[in-house]
Amino acid sequence: MSDFVIEGGTKLCGEIDIQGAKNSCLPILAATLIDKNVSVIHNCPDLTDVNTAVKILEYLGCEVIRENHTVIVDATCVTACDIPEHLMCEMRCSVVFLGAIIARCHKARISMPGGCELGPRPIDLHLDGLKKLGVTIKDEHGYLDCRVDKGLKGNKISLAFPSVGATENIMIASTLAKGTTTIYNAAQEPEIVDLANFLNKKGAKIYGAGENIIVIEGTNTLSDSIHSIIPDRIVTATYLSSAAITGGEVLLKKVCPDDLSSVIPILEEAGCFVKGYDSSIYLKAPDILKPVSLIRTMPYPGFPTDAQAPIMALLCVANGTSIFVENIFENRYKHVCELNKMGADIKLEGKVAVVKGVSELYGTSVAAKDLRGGASLIVAALKAKGITRLKDIYHIDRGYDNIEIYLSQLNAKIIRTK
């Protein structure tokens, strides 16, 4: 097991490139399954979740080659239609393989997925959507046995909540369905658009991605494709938070500023100067951060739940009180206890967090409880007085590509130790 050892008190400055988006890469890798062709995916980040996705593809019979940040998937020969429990348990997003396996094999068997324990994240919306496409699903002792006896058929599907994963599963499966599928109340995240762009390059007919109604005209003719993953907006928000809390000045390149339209105003309200360009973002932090009156996590284009923890760490040292309301996951505040160990003053009441800014944070021994919470502890440690030892960093490695290397390029004092 590895730890991060972080010495706080250094202003971050300089330039770095932003990695490809984890939440885009995983469903796109799953979607390579649906046809007997070769897919070349560029800008894939080096993450443990991506490693798990590759293991799943190889188990299913695909030939996978990784060359730096490029993954080449040859799905000519798929020999299995199930995913072993140990692979399903490694990441929550493994459920997005369900739609792809069903589209390719017309049957699938998986166990319930794993990943960060953020509270109830039922996959009912995934299953209900697939059922409307003609999939028969039996839940037996924690396993899902799925089968399509008469082929996938397009349908009208209205989601009770704009679930990203459910939207992705339905999009992937309906690409090969007969007829037209219309998804109402679809997720609008940039990662949905990226998946649609990848599938359309293969020959799919998907319209409206990025809006709340998506239309998929089924086809049975797909081809080889080359695609590059979009920049990771949550990683971008984390590095912006890291620079802001240290009073730094950074230029983040290979980003999409429009994807952070709900995050940048929060940083500006905190007193940062932020300027977005075509594919970069510049931030200069003030000497003293200001509080933010209210931050509500919402589905895109609202403020992302994944950015809540890093921004909360930043506001722990603001000159005043900030309020957070977490509307997506009920257990998304597990980082609060660890931040308070470092001297933060955060009070919780249900889904509300009241963050009273303090003048100083202090280095100590803390542990990552989940992916984004772990990132927030790095943000706080960069400001804290003294040394912070951060344990259980395997959570962080699920979503951040060598975060210690990128932060070191910005003059942060952070090392990985065993």
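## Cysteines

The sulfur of Cys316 sits 13 Å from the closest cysteine sulfur, the one in Cys337, which is too far for a bond. Cys316 also counts as buried because its relative accessibility is 1% (buried is under 20% relative accessible area, exposed over 50%, partly exposed in between, with a 1.4 Å probe and protein chains only).

The structure has zero disulfides, a disulfide being a pair of cysteine sulfur atoms within 2.5 Å. Cys25 is in no disulfide either, with the nearest cysteine sulfur, that of Cys44, 3.6 Å away. At 0% relative accessibility, Cys25 is buried too.

## Where the model comes from

This is a predicted model: local features need pLDDT of at least 70, side-chain atom pairs count only at pLDDT 80 or more, and totals for chains, interfaces and linings use all residues. Residues are numbered from 1 along each chain as its sequence is written, and side-chain values use heavy atoms, with hydrogens and water left out.

## H1 against H2

Helices here are DSSP runs (H or I, at least four residues), numbered from the N terminus. The axes of H1 (residues 22–31) and H2 (residues 48–59) come within 10 Å and cross at roughly 0°, so the two helices are roughly parallel (angles under 35 degrees; axes are lines fitted to C-alpha atoms over the stretch in contact, and angles run from 0 to 180 degrees between N-to-C directions).

Lys22, Cys25, Leu26 and Leu29 of H1 meet Asp49, Val50, Ala53 and Leu57 of H2, contact meaning heavy atoms within 4.5 Å.

## Confidence

The chain averages a pLDDT of 95, and 97% of the residues score at least 70; pLDDT is the predictor's confidence in each residue, from 0 to 100. Over residues 114–121 the pLDDT is below 50.

Definitions and conventions:
Parallel < 35°, antiparallel > 145°, perpendicular 65-115°, else oblique.
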